[in-house]
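Visitor: I have a structure open and would like to go through how the chains meet. Can we take it step by step?
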Amino acid sequence: MKKPKIKVYVAVSLIVGAIVYLVYGNFQDTMVYFYTPQEIHEKNDSIRHQSLRVGGLVKVQSLRQDKGKLNSTFVITDGGYDVRVAYKGLLPDLFKEGKGAIVEGKLAGDQTFYATNVMVKHSEEYKPVPLKKKGGPPEHAQ
Amino acid sequence: MVTLGYYGLILAGVCAAFGVLAAFFAQRKNSASLSESAQRSLLCVGMLITVCIACLEYAFITHDYRVSFVYGHSSSDMPMFYVVTALWGGMDGSMLFWAWLLSIFSAVSLFQYRKNIPHLMPAFVGTLCVLFLFFTTLMIFTANPFQYLRMEDGTIASPDNGRGLNPLLQNPGMVFHPPALYMGFVGFSIPFALCMAALLTGRLGDLWIRASRRWTLFAWFFLALGISLGAGWSYVELGWGGYWAWDPVENSSFMPWLTATAFLHSVMVQEKRRMLKSWNVTLILITFILSLLGTFFTRSGVLSSIHSFTQSPSGPYFLSFIAALSLFSFSLLILRSEKLKSENELDSMVCRESAFLFNNLALLSACFAVFIGTIFPLLSEVIMGQDKKVSVGMPYFNAVFAPLSLFVFVLMGVGPALPWRRATPDQLKRIFVLPLGVAVITASLLFALGMRKPVAILGFAVLAFVFVVIVLEFVRGTRARMKMSGSDVVTAFLTLVKKNKRRYGGFIVHIGVVMIAFGVIGSFAFPKKTEATLKQGEKLSIGRYVLTFAELEAKPEMNAFAVSAFFTVHNSGKPVAKIRSQKRFYPTQEDPMTEVAIRSTLRDDLYVALSAFDPHGKGGQTATVRVLLNPLVMWVWLGVFVLVAGTFISALHKDRGEVNG
């Protein structure tokens, strides 16, 4: 009766070990850090060619697109610092100048951030057009 | 009505508090009459909550926008169907809905068990009353659905129209998704209460675990349904082309489902071999705590940022309750561990018990991996500060989950076919040689056909293995029955399933899961995607399909204004369909919504999302589209149907003294 028990313990610990390795290893490889435009400027060299995310507002009047809308450049800003972003592909529907966006990709030597993924910050809570009618409640009445 | 609802809530809280006290003293003094009165107060709480929810629903139907929650989640231009169901469109209403489901479930379970297991009733009722007490106080103090909308000077505002429900949520899938999820989440509170009752009284016999198994199956089923509805909604409504993104909200409903799946398997080991008792208790506790956490995560907005967590007072309150509950229940488990000793030991490595043991291990690690991935960005924000955010995205989850699920699927094939206690080499040969052969042939065939993704090849091979094992089980069973009764194939097959509903229902569920996995591997490993701006008459080809942009059309539709782009679809040269994708503009919303066009076949889905349009472009109208070709997606939805059917069959099984394995 003793023998299978030891075998089971060995098997269990092997599996647990493999899983811990799996989780840990993938964490190292796939974790993406989030930076603000300011940090991009400060850390410039140390983070070049690394996968990362930058979040901020899309600068007003910075969006340039080709006719097919499949190549875009725009600027992500935190008010003080700007990051120039280039993206191949359709921008998400809710992407707009003056609104928040998060881009994922790499910073290249020419100081342009080449995005592979553009995300729009959209919260679960739905924000509709504010009421303008007279007598309506103030926007944050709750 | 609003005042009635609010006072109903307070009264329900008082009643629940009384129930807790009555149950406590009933247990202490072993008094049947006190136990009776605790049960009555539980039913009373249920009735009061029902009154509350009726009041809130009344406020919705009569468009009473003085109520802040009604104002925030509905508007007069919405179809009545969505107005009625907007009740669970936000935090406050969801909490009330949670409590209401709990009232129904506790009433049903009370009538089920008060004759059979009277000795557990006081503690059972007491635990449920604690849950009610928590939810009523939560609503009264921090998430009151009956709160009036107030102007800045404190007077009650009475706007003409509400802010409306997010158009994204105005979809049948999204209407039934939250209730199905909640049926799951709330359903787990009955096994939890039974388990707590057994732990508190120290009467850890077999009755309670059998009762828990049924309720867990019930909750597990609705959770699966809720998750699938959510996936379906995401696929049709969000327009990004997928149905599962490892989104934190998705994960938090998936985690209790994983642990419940583990429980449904390991409980068989307890029934058959009287092993893994404390393990089963642990699984019930974890599942319920994850359900509470899931409710909290999906509604508090904490996952998008820790910031939103501290803004609302319900967050800390909710989290402290979960922490206290976990601490209490697990300490109790440790205290009672003497009584939960296994009565048997594992006889060998290759037997059904050990397959179930490893399956549990794998499911729990999968849950753990998902948990870490979901919670880590939050933790790093807490520890390293607001602006040091980290994201853990799809690559992590896919990389961790793929090998783990391969392991689970191998066990899914091996486990149920193995005998209990010990398998002889002869038995192994008989059961597994053919399936293994089919798996090897599948893998080499796929490789020969040009497939080069090792994970996908391995995945398909494992699925083939599982499928053949299950089919052989059916074949063997039917043959044996034909020999025994001399009946024809069909009757033999039907009686086989009828006589062993639990076992063969389970196999059908497994086939459903295999189908789902088939679709998932196909659509995750081999999607094709292209984007383009098309002029009228211009073509775009993807796989075997050619898409031609025909025209734009603009007209009002329901409570929106819709711009449709029409496309003709050719399959290998033959015209097969005319499809349309829309942009819908809602008067109450700033941004338009995309309605995608999907053409589904068993082989693949053609998925077209209109991203932008220009009615006056140079050279006529243009449409900018995102087009995807997702292989095998339909198998996911078909698999869900099979899973539903299998669960029904296995739920029809009635426990008699002994249980069929």
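Visitor: Which residue is the bridge partner of A:Val32 in β1(B)?
Guide: B:Ser391 is that partner. Bear in mind that this is a predicted model.

Visitor: How do the two strands pair, parallel or antiparallel?
Guide: Antiparallel, over two bridges, between β1 of chain A, residues 32-35, and β1(B).

Visitor: And how many residues touch across the two chains?
Guide: On the chain B side 57 residues are in contact, and on the chain A side 45.

Visitor: Which residues of chain B lose the most area to chain A?
Guide: B:Arg163, B:Met349 and B:Ser391, which together make up 12% of what the chain B side buries. B:Ser391 is also the residue bridged to A:Val32.

Visitor: What is the total buried area between the chains?
Guide: About 4,500 Å², with carbon and sulfur atoms giving 62% of that. Lost accessible area is often how the size of an interface is stated.

Visitor: How many salt bridges and polar contacts are there across the interface?
Guide: The rule finds zero salt bridges between chain B and chain A. Two residue pairs are in polar contact, both at pLDDT 80 or more.

Visitor: Which element gives the largest share of the chain B side?
Guide: Helix α14(B), with eight residues. Other elements that give two or more residues include α3 (68-73), α15 (394-414), β2 (528-535) and β9 (604-614) of chain B.

Visitor: What is the make-up of that side by class?
Guide: The side of chain B that touches chain A has 29 nonpolar, 13 polar and 15 charged residues.

Visitor: Back to salt bridges. How many over all chains?
Guide: The search of the whole structure finds 18. One salt bridge joins the side chains of B:Arg213 and B:Glu271, at 3.9 Å from N to O.

Visitor: Where do those two residues sit?
Guide: B:Arg213 is in helix α9 of chain B, residues 207-237, and B:Glu271 is in helix α10 of chain B, residues 248-273. They are 58 residues apart, so the pair links distant parts of the chain.

Visitor: Changing topic: how many helices and strands does chain B have?
Guide: Chain B has 20 helices and ten strands.

Visitor: What about its radius of gyration against a compact globule?
Guide: The two agree, because a compact globule of 661 residues would have a value near 26 Å and chain B has 27 Å. The C-alpha trace of chain B spans about 85 × 80 × 55 Å along its principal axes.

Definitions and conventions:
Residues numbered from 1 in each chain as written. Chains lettered and ligands numbered in written order. Predicted model: local features only at pLDDT ≥ 70, side-chain atom pairs only at ≥ 80, totals over all residues. Heavy atoms only, no water. Contact = heavy atoms within 4.5 Å. Buried area = accessible area lost by both parts, 1.4 Å probe. Salt bridge = Lys/Arg side-chain N within 4 Å of Asp/Glu carboxyl O. Polar contact = N/O pair within 3.5 Å; in protein donor to acceptor, adjacent residues only side chain to side chain. Helix = DSSP H or I, 4+ residues; strand = E, 2+ residues; numbered from the N terminus. Nonpolar A, V, L, I, M, F, W, Y, C, P; charged D, E, K, R; others polar. Pairing = 2+ DSSP bridges. Rg over C-alpha atoms; globule rule 2.2 N^0.38 Å.
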